[in-house]
Amino acid sequence: MPLPNIDLSLPLLVVDDNQQMRSVVKGILADLGFANVFLVGSGEEACRILNERPIAAVISDLDMPGMNGLQLLRWVRSTLADKELPFMLLPGEANREGLLAATPPPNARPCAAPPRPPPRRRRRR
């Protein structure tokens, strides 16, 4: 199913400690036409990738050992230059407290727009 007005070459990052779930999400994205998908197994690995290369959107498991998805989201919002990087949290199981903690404040804008090209990183001299 083609997606209108979305650049399918945009780099996406999938973060999940469960290898099978990473593969499932990558398969769904491939079925949608996305070909540039990076897979990592932890929030810490995601931070490394996000520091190394431009990423257009993140899809992360909420419940992971070490840095969980909510902590990763907070790191993205406080550390990266692109404070509005599209970020989707996927709960692996019913976790009411985690879902409530991840709920945006009432004045937050929901992300209804497709992913956009990531900003170009300036090379340090």
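Colleague: How much accessible surface does the chain have, and what share of it belongs to carbon and sulfur atoms?

Modeller: The accessible surface of the chain comes to about 8,300 Å², and 54% of that belongs to carbon and sulfur atoms. Such areas come from the Shrake-Rupley method with a 1.4 Å probe, and for residues only the protein chains shown count as cover. The model is predicted: local features need pLDDT of at least 70, side-chain atom pairs count only at pLDDT 80 or more, and totals for chains, interfaces and linings use all residues. Residues are numbered from 1 along each chain as its sequence is written, and side-chain values use heavy atoms, with hydrogens and water left out.

Colleague: Which elements does the chain have, and in what order do they run?

Modeller: There are four helices and four strands, running β-α-β-α-β-α-β-α from the N terminus on. Helices (H or I, at least four residues) and strands (E, at least two) are DSSP runs, numbered from the N terminus.

Colleague: Why is H2 called roughly parallel to H3?

Modeller: The axes of helix H2 (residues 43–52) and helix H3 (residues 69–79) come within 10 Å and cross at roughly 25°. Angles under 35 degrees count as roughly parallel, over 145 as roughly antiparallel, 65 to 115 as roughly perpendicular and the rest as oblique; therefore H2 is roughly parallel to H3.

Colleague: Which residues make the contact, and how do they divide by class?

Modeller: With contact meaning heavy atoms within 4.5 Å, Gly 43, Ala 46, Cys 47, Leu 50 and Asn 51 of H2 take part, together with Leu 72, Trp 75 and Val 76 of H3. By class, the contact of H2 with H3 has six nonpolar, two polar and no charged residues. Ala, Val, Leu, Ile, Met, Phe, Trp, Tyr, Cys and Pro count as nonpolar, Asp, Glu, Lys and Arg as charged, and the others, Gly among them, as polar.

Colleague: What makes Asn 51 buried, partly exposed or exposed?

Modeller: Buried means under 20% relative accessible area, exposed over 50%, and partly exposed in between (1.4 Å probe, protein chains only). Asn 51, found in helix H2, has a relative accessible area of 48%, so this residue is partly exposed. The C-alpha atoms of Asn 51 and Val 76, 25 residues apart along the chain, are separated by 10.0 Å.

Colleague: Is Pro 86 buried or exposed, and where does this residue lie?

Modeller: Pro 86 lies in the loop between H3 and strand S4 (87–90). Its relative accessible area is 11%, so Pro 86 is buried. A separation of 4.8 Å is found between the C-alpha atoms of Pro 86 and Ala 57, 29 residues apart along the chain.

Key:
Axes are lines fitted to C-alpha atoms, for helices over the stretch in contact, and angles run from 0 to 180 degrees between N-to-C directions.
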